[in-house]
Amino acid sequence: MQCVIDRFRLRTPFWRTNTVFGESLFFIKRGDNPPEAPILFSPQGLTTVTSATGLDAFKEGKDYEVDPAARVIRLLPKSKIPFLEHEELYRAPGSPLSIGHKTNDSNTYLYFCEGTHFHYRQAAASYAHEAAWDGWTPVCQADRLPRTTAKLKKKKPLSVLFIGDSITAGANASKCTGAAPFQPCYAELFPLALADATGAPVHSLNYAVGGRCSDHGELLISEIAIQKPDLLVIAYGMNDTGYHDAPQYERRIRHIIEESRAAAPELEVILVSSMLGNSEWLGKSHGVFREYRDVLA
C-alpha cells in the first residue's frame with residue numbers, strides 16, 4: 001500500500017517546490033460576476049482541478065478558466081464545480097448550516113457545518129509556477145528537542161502525546177469525517193512523517209477533544225504523568241479566545257508544562273500556535289490570537 005506521506009505529496013512543502021498539489025478552492029459568486037476562487041501563485045501551463053474528494057475531475061475550458069495575472073480560477077457557464085452565492089455566507093439566526101453570529105450583529109449568522117459538507121463543495125487545484133515564495137518559512141529547530149532528535153537518529157522508539165481542541169482531534173479532516181480522499185489529521189500525519197523520515201518507531205496518543213480550552217489540558221496532567229511520553233504537543237487556543245485573556249492562557253499552558261515535566265523530567269514539549277479563526281465570528285478577535293502566539297513564543 002502506498003505510504004500516506006507519498007500519497008498526499010507531503011514530503012516537499014510548497015515553499016520548496018514550483019509545483020502546487022491540491023490547493024484548496026471554494027468558489028464564491030459575487031453579484032453578476034462568475035464564481036471564482038483565488039490561488040496562491042500564477043500558474044504556468046495546464047492547471048488540474050478536481051473535487052476536494054479527488055473523485056471528480058473537471059475540464060479547463062469547459063468547467064473553468066484560469067486567470068494567471070489575477071491569480072484566480074473562474075467557473076464557466078454550466079460548470080459542474082459547486083459554488084456559493086456570496087449572500088449565502090450570511091444566514092438568518094438559527095438557520096441550518098450556520099454557527100454563531102457576526103461580531104456586533106446578532107441578526108446575522110455565519111455559514112458553517114461539521115462533517116463532510118464542505119468536502120463535497122470544495123475543489124482542489126494542482127499546477128506548476130515560476131514564482132519564488134517570499135513569505136515566512138519555518139526553520140528547523142531540532143536542536144531545541146535534543147532528546148527527541150537523539151532518539152530518532154538512533155532509531156529508538158519515540159512516544160508522542162497530543163492534547164488540544166478539535167483542530168488536533170481531527171475535526172473535518174477527511175479521514176475523520178469518512179470522506180475521500182481520507183487524509184489523516186495532522187496529529188496522525190506528524191508521527192507518520194517522523195517515522196518515515198528517520199526509520200524510528202513512533203507511537204502516538206491523541207487526547208485532544210473538540211470544543212475544549214486550555215483548562216482541559218490541566219485536567220490531563222495526571223494522564224500525561226501516567227503515560228510519560230517523550231514528546232508532548234500542546235495545541236490550545238481556538239476556543240480559549242472566547243473565554244480567556246492572554247495572561248490566563250499563559251498561566252494554564254505554563255501549568256501544564258511545569259506539572260507534566262515534574263512527573264516526567266525527560267519530557268520535551270512542542271507548543272502549537274492556533275490558526276486564525278474567522279474574524280467575523282463573535283469572539284474570534286485576531287488580536288487575541290496574536291497575543292496567544294506571543295505568549296507561546
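In helix α9 of this predicted model, the residues V288, F289, Y292 and L296 are buried, where buried means under 20% relative accessible area, exposed over 50% and partly exposed in between, with a 1.4 Å probe and protein chains only. These four residues lie on the same side of α9 because they cover an arc of only 105 degrees around the axis, the arc being that of the directions from the helix axis to the C-beta atoms. An α-helix has 3.6 residues a turn, so residues three or four places apart point the same way. The cover over the buried residues of α9 includes α8 and β16 (268-271), contact being defined as heavy atoms within 4.5 Å. Helices (H or I, at least four residues) and strands (E, at least two) are DSSP runs, numbered from the N terminus.

Residues are numbered from 1 along each chain as its sequence is written, and side-chain values use heavy atoms, with hydrogens and water left out. Because the model is predicted, local features need pLDDT of at least 70 and side-chain atom pairs count only at pLDDT 80 or more, whereas totals for chains, interfaces and linings use all residues.

Leaving aside residues up to four places away in sequence, I234 touches I163, I253, I256, I257, V269, I270, L271 and V272.

Two strands are taken to pair if DSSP finds at least two bridges between them.

| Strand pair | Bridges | Residues opposite each other |
|---|---|---|
| β3 (36-38) and β7 (72-75) | three | E36 and R74 |
| β6 (64-67) and β7 | four | Y64 and L75 |
| β1 and β12 (123-129) | five | T19 and A128 |

The hairpin of β6 and β7 has four residues between the strands, and in this hairpin R71 takes a positive phi near 55 degrees. Elsewhere, four strands form an open sheet in the order β1-β12-β4-β5, with antiparallel pairing. At its edges stand β1 (19-25) and β5 (57-58), each with a single partner strand, so one side of each is left without a neighbour in the sheet.
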